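I opened this entry to look up the surroundings of the ligand, the domains and the packing of some helices. My notes follow.

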Amino acid sequence: MKAYVLNEPGQPNNLQLQEVDKPVPDKGEVLVKVRAISINPVDTKTREGKALYKQLEADPPVILGWDISGEVEAVGEGVNYFNVGDEVFGMVNFPGHGKAYAEYVTAPESHLAHKPEHIPHHEAAAATLAALTAWQVLVHEASIQPGQRVLIHAAAGGVGHFATQIARYFKAFVIGTASAKNHEFLRTMGADEQIDYHAYKVEDVVMDADIVLDSLGEENAQRSLATLKNGGKLISILGGATEAVQAEAKKRNIEAKNYLVHSSGEDQAKLADLMREGKLRPHVSHVFSFEDLPKAHQQVETHRTNGKVVVTVA
Ligand SMILES: NC(=O)c1ccc[n+]([C@@H]2O[C@H](COP(=O)([O-])OP(=O)(O)OC[C@H]3O[C@@H](n4cnc5c(N)ncnc54)[C@H](OP(=O)(O)O)[C@@H]3O)[C@@H](O)[C@H]2O)c1
């Protein structure tokens, strides 16, 4: 089969399309014929030799990627939930070696869910790592409740546009930050209030938030503490809850923590249900062919994408 192998970290064209052995499903695994792959900032950081690169390098060949949608081609021993021909999607082996930039991927069945029938593969692939992050942060880490005020940074991005919709689903009051040109997009995702971060500092215009989702890092997390009420929660997906931020949070009776998403077929199935109910809609702004996958990395690296960047596999 064909797969993109990263022989050396570096630029997008270091991703080399090569013939490699088709994987064989182990016990509890399925073999998926990949129809679409989504690309995340962690993919581009790992390609540069950062993020998860060291870990992947220990298990060559390095094949990046975690987010897939496709069809079950074969099942390993002891697989109960999926049959050959089922359409599935999910984030495979994160934060391990997902090997998703390939025509075929093996995945533990516990990392996948049935794809909603009406959602095409390129949209299903989009609703994996970014959507799982939003779900796990808001539901598992922050225990979001109806009526809460939730501040979502970078609400127009991959994680942000899912977090906005999920917070809305839980009947929270959703405040999102984005450039002014993206405010209409935020409204269509269900944000009640939009803040242009170029024109305003959140700490000057937001108060009494129950939950903040930080995806920008320490400086943003630090400033966002002032937007939270006593007893509020700040969850950072970019290491923003440093020791200094946690110490300041403690003084304000705020819980500040970092979070890393993990593969979960169970959470993926919850997201599938929301999509079936029409409550969650992946927004795919860029679709590239498998041959153009390195261009998809360039798009993600603009840090200006609305929603998601996806690659389709013929
Ligand atoms: N820890 C974890 O488990 C985890 C999981 C997923 C992602 N992440 C990390 O979280 C970050 C975001 O991921 P993503 O997939 O959502 O990225 P993304 O889709 O590439 O984000 C792009 C969006 O960021 C917005 N943006 C850029 N700078 C901003 C700023 N200063 N304030 C507000 N919005 C800003 C842009 O909106 P405008 O065009 O309006 O500026 C754009 O819509 C990445 O660093 C990623 O690695 C971590």
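**Ligand shell**

I sorted the residues of the shell around the ligand by class and got 16 nonpolar, 13 polar and one charged. For the classes, Ala, Val, Leu, Ile, Met, Phe, Trp, Tyr, Cys and Pro count as nonpolar, Asp, Glu, Lys and Arg as charged, and the others, Gly among them, as polar.

I note that this is a predicted model, where local features need pLDDT of at least 70, side-chain atom pairs count only at pLDDT 80 or more, and totals for chains, interfaces and linings use all residues. Residues are numbered from 1 along each chain as its sequence is written.

I then asked which of the 30 residues around the ligand come nearest. They are P41, A154, G157, G158 and S179; a residue is near if its C-beta atom, placed from the backbone, lies within 6 Å of the molecule. Helix 1 (41–47), helix 4 (129–141), helix 5 (158–169) and strand 9 (173–178) each give the shell at least two residues. Helices (H or I, at least four residues) and strands (E, at least two) are DSSP runs, numbered from the N terminus.

**Domains**

I found the protein divided into domain 1 (2–127 + 282–312) and domain 2 (130–258), with bounds from an automatic or database domain assignment. Their contact takes eight residues from domain 1 and nine residues from domain 2; contact means C-beta atoms, placed from the backbone, within 7 Å. On the domain 1 side I noted two nonpolar, five polar and one charged residues. The C-alpha centres of the two domains lie 28 Å apart. The ligand shell draws at least three residues from each domain.

**Helix 4 and its partners**

I looked at helix 4 against helix 5 and read an angle of about 45 degrees, with the axes 8 Å apart. Axes are lines fitted to C-alpha atoms, for helices over the stretch in contact, and angles run from 0 to 180 degrees between N-to-C directions. Helix 4 is therefore oblique to helix 5; angles under 35 degrees count as roughly parallel, over 145 as roughly antiparallel, 65 to 115 as roughly perpendicular and the rest as oblique. Residues A130, A131, T133, A134, W135 and L138 of helix 4 meet G158, V159, F162, A163, I166 and A167 of helix 5. This contact has 10 nonpolar, two polar and no charged residues.

Against helix 10 (residues 265–276), I read about 100 degrees for helix 4, with the axes 10 Å apart. Helix 4 is therefore roughly perpendicular to helix 10. A131, L132, W135 and Q136 of helix 4 make the contact with D267, Q268, K270 and L271 of helix 10.

Terms used: Two residues are in contact if their C-beta atoms, placed from the backbone, lie within 7 Å.
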